[in-house]
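These are my notebook entries on one structure. I looked up its aromatic rings, its nonpolar core and its pockets.

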Amino acid sequence: MNRTRIVRWLRVLLPLTALAMLSVLFLFSRQGDGESQIPYADVDAQSMARDPRLVAPEYAGVTADGAQLVLRATEAAPAGGSGGKARDLQLDWQRPDGLRADLTAPQAGVDGGAIRLGGGVRMTTSSGWTVDAPSVEAATDRSRIAAEDGVQAQAPFGSLSARRMELAPDAAGDASILNFSGDVRLIYQP
């Protein structure tokens, strides 16, 4: 057999072999179930249309004096006027001097230039402080975090309670000061 004849036979046999292999694949492939497997979310579409909201919103910004803010929530909804309210909040606050404060709260509201965290707020700082307060207000236009309704704090040197707390930069703006005032009670633990 000469070479031309072999090539002619192969031009016919190779495509037929490939076609036979594909038909065997389709013949022995698994049978699909008749019902579709499209996942559906279990949500109430009418309530979502009535009450608009954002899921997992995130806000990031820098204040005029250089503090970085990152605000995360599981859900946020607009409230009357220009404000809003959110659930399960986490606020990460960092000053240019290196001080970092992480705040968590079950609920919050935004009104004007302030974020009002409520429902039991916990603030931990990079300097080792843990502060618990019923509500805290964080300014978005400058470096200031304040609590007016009483605070309980754990410091590296003991525990502290006071009526008010403010975390803000000093007069020169170089360092941050955590200031407690109003019936301050300190229990020193060496």
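Which residues form one aromatic cluster? I find that Trp129, Phe157, Phe180 and Tyr188 make up the cluster. I note that the model is a predicted one.

Entry on aromatic pairs. I find three aromatic pairs in the structure.

I then looked up accessibility. Trp129 counts as buried because its relative accessibility is 15%, under the 20% cut-off. Phe157 has a relative accessible area of 32% and is therefore partly exposed.

Entry on the core. The largest nonpolar core holds 33 residues. Leu103, Leu117, Ile145 and Phe180 have the most contacts inside it. Phe180 is also a member of the aromatic cluster. For Leu103, I set aside neighbours within four places in sequence; its remaining contacts include Leu89, Leu91, Leu117, Val121, Met123, Val136 and Ile145, and also Gln90 and Arg122.

Entry on the largest pocket. I record about 330 Å³ of space in it. Its lining has 21 residues, and Pro57, Leu71, Ala76, Ala86 and Val110 are the closest to the centre. By class, the lining residues are 13 nonpolar, four polar and four charged. Strands E2 (58–62), E3 (68–72), E4 (75–78), E5 (84–94) and E6 (100–111) each supply at least two lining residues; E5 gives the most, with four.

Terms used. Residues numbered from 1 in each chain as written. Predicted model: local features only at pLDDT ≥ 70, side-chain atom pairs only at ≥ 80, totals over all residues. Heavy atoms only, no water. Core = buried A, V, L, I, M, F, W, Y, C linked by side-chain atoms within 4.5 Å. Buried < 20%, exposed > 50% of the residue type's maximum accessible area, 1.4 Å probe, protein only. Contact = heavy atoms within 4.5 Å. Phe/Tyr/Trp six-rings, centres within 6.5 Å; stacked < 30°, edge-to-face > 60°. 1 Å grid on protein atoms, 1.4 Å probe; cavity = no way out; pocket = protein on both sides within 12 Å on 5 of 7 lines; lining within 4 Å. Points joined across faces, edges and corners; volume = space filled by probe spheres on them. Nonpolar A, V, L, I, M, F, W, Y, C, P; charged D, E, K, R; others polar.
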